[in-house]
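Open the model in your viewer and keep the selection tool ready. The tour goes stop by stop.

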Protein chains: 2
Amino acid sequence: MKDLLTGPSGLGTSAARLGRPEAVTLPPEPGYAERPWGDGTAPPLYVPVLEREDALLAAAVDERLVAWAGECGFEEPERFLGGMFGRLAVLTHVDTDDVDQLLIAARLNAAWWAADDLYADDTEMGAVPTELPPRLALAMAAMDPVAPAAEFTVDLEERIASDPVLAGLRSGIAHLTSRSTATVVQRVCYSTFAMFVSWGAYAAWRHTGNYPPAWQYLATRQHDTFYTSMTLIDAVGGYELPAPLYYDPRVRQLLTAAGTASVMVNDLVSVEKDAADEQPVCNMVLQIAADRECSIAEATARTVELHNQLVRDFEAGHKALLAVPSVELHRFLKGTKAWMGGGFEWHTTHPRYK
Amino acid sequence: MKDLLTGPSGLGTSAARLGRPEAVTLPPEPGYAERPWGDGTAPPLYVPVLEREDALLAAAVDERLVAWAGECGFEEPERFLGGMFGRLAVLTHVDTDDVDQLLIAARLNAAWWAADDLYADDTEMGAVPTELPPRLALAMAAMDPVAPAAEFTVDLEERIASDPVLAGLRSGIAHLTSRSTATVVQRVCYSTFAMFVSWGAYAAWRHTGNYPPAWQYLATRQHDTFYTSMTLIDAVGGYELPAPLYYDPRVRQLLTAAGTASVMVNDLVSVEKDAADEQPVCNMVLQIAADRECSIAEATARTVELHNQLVRDFEAGHKALLAVPSVELHRFLKGTKAWMGGGFEWHTTHPRYK
């Protein structure tokens, strides 16, 4: 009976022809699962299930990405990129298999990571805490051009062209601009600049050696999350979530929950690497362990619990917002959920975080 | 004849009743003028003429502002505010005489200046370069709440409530939120965070003593201008310039020209104060003089020329954008012009810059 009602020649089609709603069997919505991670000793992470893995598509994106990185002036782009960002784009943006669309995410994520590694995090790669803030100001100028100012703008343009990180950020934004709207472009730039403020705080802590309590680290970290990567969800998907919905406080709270949850996964899988640095990198697990004078295992359990609560908050809020009659909003939230699932997969399988 | 055509009982009214366009004599649009400033020895500044001065209205705003600053926890709020921000709001936002609307601008400008003085600029008032970035990250958290995170959010809220700068920023945004949209609120927050990135760069330069060339200072300064104050123009006026127009690259270029021009006035009138600081404050005139090994007078003349060009660029772009059929855009650009005129008046008459 079900087949009859929903088959292409069944009663459903007549109903559709008559303008009545057709009964359709949608594939079940991919759900959430508790997934083990690391060496399996910590509590599992509650995350959306992975929706796509496609090594061939990732390789196609990476091939284009390597060529692009060379054009931006990065030396040894293959080693530098390490096959990270094609796969990240394919795992997290599951509603397109168009390589040019996926390159929006691959290029900007590569450029953000490059800025983070070369400017902020990695002493061996040239990062110097006191030089970070002026570099980040130039990164703003590269991404978000303002009114021209005669000979001063000429000097600025020369600098941007000669610095691969700046050239990469500019080119990544240019690709986005060619496939989205000015409102989305500014959203992406501004979310990046909020991240930069947080990077400045981390650099100051490492420079002075005065590390923050966990609450202060988390408040800072919450403006430096995968929320920024998620600003690209509609652009990569080829649509736009209009600003009044995107910035609706209910939506923003959900998106920041998703961004923070995903970045807690990053902290969880980076504990050993961060603790081993001669100038330790701030990390939620390490800050909790320091505050509470507890073991790494206990601090890890608390961080997992926080992560899982954020994901459950997202899940509940997502359900509630389906009442808002907007195709774009429904698609963006579905995309956010998929991003979290792909982000977990990427973090827990990539050699960088082993 | 002109009177007959345009008077309330003349032919124009009949034409209007018949649905035909009415001939009206609008008051001439206030224009631009070359105005002397400082001791009068430097070239004049080309600026929009002042549209309103109203000491009684400014006093009414200041009275409410002082009470508010006390509630935020500022000590000696009258001395701290010094009658600056009521007058600034009245001079720059000329399309309303509603005190509650003007308080949107007065409160947020007071809070921004407080953050700048107490966190960033004034060593005597507690500013420490290495503490600036973590404080700015908390300022983001105060203005732009994200997903709640259990006990960590409780600690954050305690800190925000106990720091007058953070409480002031939060309260200023709350007042804006009660009278505008989520899209405008996020625009204001994000423009503030871009400013914070630039403040981090200034702090790093003062900390290391390695001052930047003029082009690099200007590139940094262009994301820390009165553009941020101008994000409030429509909110104070009681309307909204929708995001697709607000972020249109042509509009953004004009608004950043206006913001940069207005902040060059700030640099011009602050040269002596900035040069006298034991850790000199970056200033366009000082950076040009250092680059070119020229006199302050010559560097001043170049800065005036840059300012005047930016204002002329705004004037031409404003005229061109009148072709876009949007009442909100026309009003916003008119408001931006008025802001520049008021900003010049404020900077060239206020004791802070004497």
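Start with A:Glu151 and B:Arg302: their side chains form a salt bridge, 2.7 Å from N to O. A salt bridge here is a side-chain nitrogen of Lys or Arg within 4 Å of a carboxyl oxygen of Asp or Glu. Across the interface of chain A and chain B, the rule finds 6 salt bridges.

A word on conventions. This is a predicted model, in which local features need pLDDT of at least 70, side-chain atom pairs count only at pLDDT 80 or more, and totals for chains, interfaces and linings use all residues. Residues are numbered from 1 along each chain as its sequence is written, chains are lettered from A and ligands numbered from 1 in the order written, and side-chain values use heavy atoms, without hydrogens and water.

**The interface**

Select both sides of the contact (heavy atoms within 4.5 Å): 59 residues come from chain A and 59 residues from chain B. About 5000 Å² is buried between the two chains, 70% of it on carbon and sulfur atoms. Buried area is the accessible area (1.4 Å probe) that two parts lose on being put together, summed over both. Now pick A:Phe152, A:Tyr190 and A:Trp215. In chain A they lose the most area to chain B, together 16% of what that side buries.

Next, show polar contacts: 15 residue pairs between chain A and chain B, both at pLDDT 80 or more. Each is a pair of N or O atoms within 3.5 Å; within protein, one must be able to donate a hydrogen and the other to accept it, and residues adjacent in sequence count only if both atoms are side-chain atoms.

Colour chain A by helix. Helices are DSSP runs (H or I, at least four residues), numbered from the N terminus. H10(A) gives the most, with 16 residues.

**Two helices in chain B**

Move to H8 (residues 150–162) and H9 (residues 164–177) of chain B. They pack at an angle of about 95°, with axes 5 Å apart. H8(B) and H9(B) are therefore roughly perpendicular, a label for angles of 65 to 115 degrees. Axes are lines fitted to C-alpha atoms, for helices over the stretch in contact, and angles run from 0 to 180 degrees between N-to-C directions. Show B:Glu157 and B:Arg159, among the H8(B) residues making the contact, and B:Pro164 and B:Leu166, among those of H9(B).

**Back to chain A**

Select A:Asp100 and A:Arg64, another salt bridge at 2.7 Å, N to O. A:Asp100 lies in H6 (residues 99–121) and A:Arg64 in H3 (residues 55–72), 36 residues apart.

Finish at A:Leu118, also in helix H6 of chain A. Beyond its neighbours within four places in sequence, A:Leu118 contacts A:Phe74 and A:Val165, among others.

Methods:
Angles under 35 degrees count as roughly parallel, over 145 as roughly antiparallel, 65 to 115 as roughly perpendicular and the rest as oblique.
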